[in-house]
Amino acid sequence: MKSILAINGGPKTIDKNFNWPLFDETEVNAISDVVRSGKWGNPDCGDMVKAFEDEFATFCGSKYALTCVNGSVALRLALIASGVRPGDEVIIPPYTFIATSTIVLEANCVPVFVDIDPDTYNLDPNKIEAAITKRTRAIIPVHFAGQACEMDKIMAIALKHNLKVIEDACHGHGAEYRGKKLGTIGDAGCFSFQSSKNLTCGEGGMVITDDEKLYDMMNSLRNVGRVKGGQWYEHHFLGCNYRMTQLQVTILSAQIRHLADQTEKRHENGTYLNSLLSKIDGIQPLARGVGETLHSYHIFIFKYDRSKFNNLPKTEFSNMLAAEGVPCFMGYPQPLYKQPLFQKKNFMCYAIPEEVDYTNVCCPVTEKACYDEAVWILQHAMLGPKEDMDKFAEAILKIQKAVTT
Ligand SMILES: Cc1ncc(COP(=O)(O)O)c(C=O)c1O
């Protein structure tokens, strides 16, 4: 029976190219114009960059938006500008991209891992307070896969303990929580425009905030410590050159025209796929989070139960599914704290307190997600017609039948 599977040379269940990024002559012409203008970077293109920042701020409903070189730097700017000091603790989930943790270490702060909710894979708000100490200064909730965290609970905890909240919305462009765009609820919201992201220019980042002081500080840190009204060679703070170029902004300005429609499309397909996969024994799509009103489906995640697939390991299952033509992946192989960086404390020159030790950290929900359960379908697969979703479900059923009969 297994021989009919595409991985063994059988026909694919779905045989089409899921391209990303999507673009047309608009991007090509706009980039040519910029190249011809010779205004490629700072300081010549300052107004054009600002115009895109204003457009992004308006799109999100925030007062300020600040471009930078990538999502990691967006988080770095927000955290440092929020006033953390060496040795401060920052609460983060262990089911996220490494950058959510490294920017904390690079600020000489200590990442404290709090497990995720088994239903949504987002930071579990009910476990945060137990991790708060007198050194805790901030929480970085990650809207994982584009699904909103339970921000009401997180903001209430932050208010009670006087903590900063920096939303990692690197997966959440255009997504909403109780009708508000992700990134607008905490003190700052950070986005990535790296190649795989729902809004991309290859590499890039953005921070949004309503806080003028925070914005001014982030602006200075992005621009080698310069300040408003200062001289070109006058530097007040320990920043760096994290500025975006006009070439990146030009692509983003063209791409953002499609963001709202694409987000709706992914949301619609995600909802439909959710209903299809829920009917398959051994497959459970993640639940929609409390208060989540628009999911950007940067990733469509479902839980895989190998006991219903003749004990087929998750990795083999996801390889089979990919071979069937479904753009999917097994996701993170391990929780962040299991990475050699944390286990071996390879913190280089950064001043992380000696006593910090990650060898005994255990977040069971994250471990289960990484090792056994989570399978990701990637965002560009969610932009096609409904029939694609039918095919994704069909591919899973085909594998199940093949391995169990
Ligand atoms: C959740 C999360 N946070 C932060 C980042 C960092 O973004 P960038 O790669 O643009 O630095 C990523 C990138 O994949 C991410 O997935």
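Me: Is Arg 288 buried, partly exposed or exposed?
Reply: Arg 288 is partly exposed, with a relative accessible area of 30%. Keep in mind that this is a predicted model.

Me: What does Arg 288 form a salt bridge with?
Reply: The partner is Glu 292, and the closest N and O atoms of the pair are 3.6 Å apart.

Me: And Glu 292, buried or exposed?
Reply: Glu 292 counts as buried, at 11% relative accessibility. The cut-off for buried is under 20%.

Me: How many salt bridges does the count come to?
Reply: The count comes to 17 salt bridges. One of them joins the side chains of Glu 89 and Arg 135, at 2.9 Å from N to O.

Me: Where do Glu 89 and Arg 135 sit in the chain?
Reply: They belong to distant parts of the chain, 46 residues apart. Glu 89 is in strand E2, residues 89-92. Arg 135 is in the loop between strand E3 (110-113) and strand E4 (136-139).

Me: What about burial, starting with Glu 89?
Reply: Glu 89 is buried, with a relative accessible area of 8%. Arg 135 is partly exposed, and its value is 40%.

Me: Which residue does Glu 176 meet in a salt bridge?
Reply: The side chain of Glu 176 meets that of Lys 181, at 2.7 Å from N to O. Glu 176 is buried, with a relative accessible area of 17%. Lys 181 is buried as well, at 14%.

Me: Why does Lys 181 count as buried?
Reply: Lys 181 has a relative accessible area of 14%. Buried means under 20%, so Lys 181 counts as buried.

Me: Changing topic to the ligand. Which residues come nearest?
Reply: There are 16 residues around the ligand, and the nearest of them are Ser 72, Asp 168, His 171, Ser 192 and Lys 197.

Me: What classes of residue are in that shell?
Reply: The shell around the ligand has nine polar, five nonpolar and two charged residues.

Me: Which helices supply at least two residues of the shell?
Reply: Helix H3 (71-81) and helix H4 (99-105) each do. H3 gives the largest share, three residues.

Me: What lies 2.8 Å from a nitrogen atom of the ligand?
Reply: That is a polar side-chain atom of Asp 168. On the oxygen side, an N or O atom in the side chain of Lys 197 is 2.7 Å from an oxygen atom of the ligand. A polar backbone atom of Gly 71 is 2.8 Å from a ligand oxygen atom.

Me: How much of the ligand's accessible area does the protein cover?
Reply: On its own the ligand has 390 Å² of accessible area, and the protein covers 92% of that.

Me: Now the backbone. Which residues does a cis peptide bond join?
Reply: Trp 20 and Pro 21, with omega at about 0°. Pro 21 lies in the segment before H1.

Me: How many residues does H1 have?
Reply: Helix H1 covers residues 25-37 and has 13 residues. From its first C-alpha to its last, H1 reaches 18 Å, close to the 18 Å expected at 1.5 Å a residue.

Me: What comes just after H1?
Reply: Gly 38 does, and its phi is positive, about 75°.

Me: What is the phi of Asn 310, which is not a glycine?
Reply: Asn 310 has a positive phi of about 55°. Its place is in the loop between strand E12 (299-304) and helix H9 (314-323). Asn 310 counts as exposed, at 55% relative accessibility.

Me: And what about the phi of Met 348?
Reply: The phi of Met 348 is positive, about 55°, although Met 348 is not a glycine. Met 348 is in the loop between helix H10 (340-343) and helix H11 (364-373). Met 348 is exposed, with a relative accessible area of 74%.

Me: Last one. Where is Lys 213 found?
Reply: Lys 213 is in helix H6, residues 212-222. Lys 213 is exposed, with a relative accessible area of 71%.

Me: How far apart in space are Lys 213 and Asp 117?
Reply: They are 34 Å apart, C-alpha to C-alpha, and 96 residues apart in sequence.

Conventions:
Residues are numbered from 1 along each chain as its sequence is written. This is a predicted model: local features need pLDDT of at least 70, side-chain atom pairs count only at pLDDT 80 or more; totals for chains, interfaces and linings use all residues. Side-chain values use heavy atoms; hydrogens and water are left out. Helices (H or I, at least four residues) and strands (E, at least two) are DSSP runs, numbered from the N terminus. The expected span of a helix is 1.5 Å times one less than its number of residues. A salt bridge is a side-chain nitrogen of Lys or Arg within 4 Å of a carboxyl oxygen of Asp or Glu. Buried means under 20% relative accessible area, exposed over 50%, partly exposed in between (1.4 Å probe, protein chains only). A residue is near a molecule or strand if one of its heavy atoms lies within 4 Å of it. A polar contact is a pair of N or O atoms within 3.5 Å; within protein, one must be able to donate a hydrogen and the other to accept it, and residues adjacent in sequence count only if both atoms are side-chain atoms. Accessible areas come from the Shrake-Rupley method with a 1.4 Å probe; for residues, only the protein chains shown count as cover. Ala, Val, Leu, Ile, Met, Phe, Trp, Tyr, Cys and Pro count as nonpolar, Asp, Glu, Lys and Arg as charged, and the others, Gly among them, as polar.
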